[in-house]
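The structure is shown first, and the notes follow by topic.

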Amino acid sequence: MHFPALLTALFIDQVIWNGPAHRHFHWLRDYLAWWFSQPLSRPAQDSGWAALVPLLPLVLVLGWLQFGLIQAAGPFPGYAFGALVLLFSLGPEDASRDVSAFLRAMEKGDLDSAQRLLDAPAGHGDWESLPERMSERLLITICRGYIGPVFWFALAGPVGAASYRLAEQAGRFLNDRHATGIRQDRLFPLLDWIPVRLTAAGFAIAGNFDAVAAAWRQCSRNEGNCPSDGDLLLATGQAALENSPARSRVERIEDTLALGWRNLTLWVVIMGIAWLLSLL
């Protein structure tokens, strides 16, 4: 397990580095746009695994670096390489910075800035709906921005974290109606299946256990209520906050962020214990 590199990347991301200013995936979107413009990509598009073929060469290069070149160079280059790859695989949004910017916009009454943070069209919506949407976004971000890449990093090292982020970004590209006609892709939902359920379990432990368990059972019994893994995250996350003492929309957002960090801390501690036991 690459636990020291994991701690280093999380520390740099939260304390030193402004990640969103550097974690841009325009190059990936340009590459995917080129790939899907090729006639040879049509069979992959029709198979439901549209992202697998174009991402495979990138993953193979990272795998060669991780298991070949870097491993042969010694432990320190491997540690540095792991921390660097994970650092770029987190996010790409920063939950704490987004909340701070959103609360500043609320304080100033800057509705347009708040909508931009939520990727909402300017001039649509009002202050009544945006705080709830920010809370929902945080529940998704803690899984797909942090727990997902951390889980795959712990399981497969840098190539695992990078594969998760590349698949997530490819999924965003493929869901963009203006970019391509492809709507569904199976790669990211496959990689996201375990992190979603780890996050939901973390909500139960770090929040309201009984309410989360009931919400999870409801989703399992009636898939119409939770047609996607994102709906499962929202249902369990909101249930975890059911007994929150928040008295205002601002406190609700802050409680959601605190729940997310407790969830991430829980799994990092568990991974740290597993790493220590592996050294014995």
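Buried here means under 20% relative accessible area, exposed means over 50%, and partly exposed lies in between. The model is predicted, and local features are reported only where pLDDT is at least 70. By the burial cut-off, Glu168 counts as buried because its relative accessibility is 7%. A search of the whole structure gives 9 salt bridges, and the count of disulfides comes to 1.

- Arg165 and Glu168 form a salt bridge, with 3.0 Å between the closest N and O atoms.
- Both residues of this pair sit in helix H9 (residues 158–174), where a spacing of 3 residues is about one turn of the helix.
- Arg165 has a relative accessibility of 1%, so Arg165 counts as buried; Glu168, at 7%, is buried as well.
- Within the chain, Glu93 and Arg137 meet through their side chains in a salt bridge of 3.9 Å, N to O.
- This pair links distant parts of the chain, 44 residues apart: Glu93 is in the loop between helix H5 (75–89) and helix H6 (95–108), while Arg137 is in helix H8.
- Glu93 is buried because its relative accessibility is 18%, and Arg137 is buried because its value is 18%.
- Helix H8, which holds Arg137, spans residues 130–156.
- Neighbours within four places in sequence aside, Arg137 is in contact with Glu93, Asp98, Leu117, Leu118 and Asp119.

- Pro92 lies in the loop between H5 and H6.
- The peptide bond leading from Gly91 to Pro92 is cis, with omega near 5°.
- Asp94 and Arg97 have side chains that meet in a salt bridge of 2.7 Å, N to O.
- How do the two partners stand in terms of burial: is Asp94 buried or exposed? Asp94 has a relative accessibility of 1% and therefore counts as buried.
- Arg97, by contrast, is at 32% and so counts as partly exposed.

**Nonpolar cores**

- In soluble globular proteins, nonpolar side chains tend to be buried together.
- The largest nonpolar core has 73 residues, of which Leu6, Leu55, Phe102, Phe203, Ile253 and Leu264 touch the most other members.
- H8 supplies the largest share of this core, 13 residues.
- Which residues does Phe102 contact, leaving aside neighbours within four places in sequence? Phe102 is in contact with Ala114, Leu117, Leu118, Trp127, Leu130, Pro131, Met134 and Ile253.

**Nonpolar surface patch**

- Val269, Ile273, Leu277 and Leu280 make a nonpolar surface patch of about 450 Å².
- Ile273, one of the patch residues, is found in helix H13 (residues 249–279).
- The relative accessible area of Ile273 is 46%, so Ile273 is partly exposed.

**Cysteines**

- Cys219 and Cys226 form a disulfide, with 1.9 Å between their sulfur atoms.
- Both of these cysteines are buried.
- Cys143 is buried, since its relative accessibility is 0%.

**Helix H11**

- Ala214 is found in helix H11 (residues 209–221).
- With a relative accessible area of 36%, Ala214 is partly exposed.
- The C-alpha atoms of Ala214 and Thr236 are separated by 8.6 Å, and the two residues are 22 residues apart along the chain.

Technical notes
Residues numbered from 1 in each chain as written. Predicted model: local features only at pLDDT ≥ 70, side-chain atom pairs only at ≥ 80, totals over all residues. Heavy atoms only, no water. Helix = DSSP H or I, 4+ residues; strand = E, 2+ residues; numbered from the N terminus. Contact = heavy atoms within 4.5 Å. Salt bridge = Lys/Arg side-chain N within 4 Å of Asp/Glu carboxyl O. Buried < 20%, exposed > 50% of the residue type's maximum accessible area, 1.4 Å probe, protein only. Patch = residues over 30% accessible without salt bridge, like charges linked within 9 Å, V, L, I, M, F, W, Y side chains within 5 Å. Areas by Shrake-Rupley, 256 points an atom, 1.4 Å probe, with all protein chains shown as cover. Core = buried A, V, L, I, M, F, W, Y, C linked by side-chain atoms within 4.5 Å. Disulfide = S-S within 2.5 Å.
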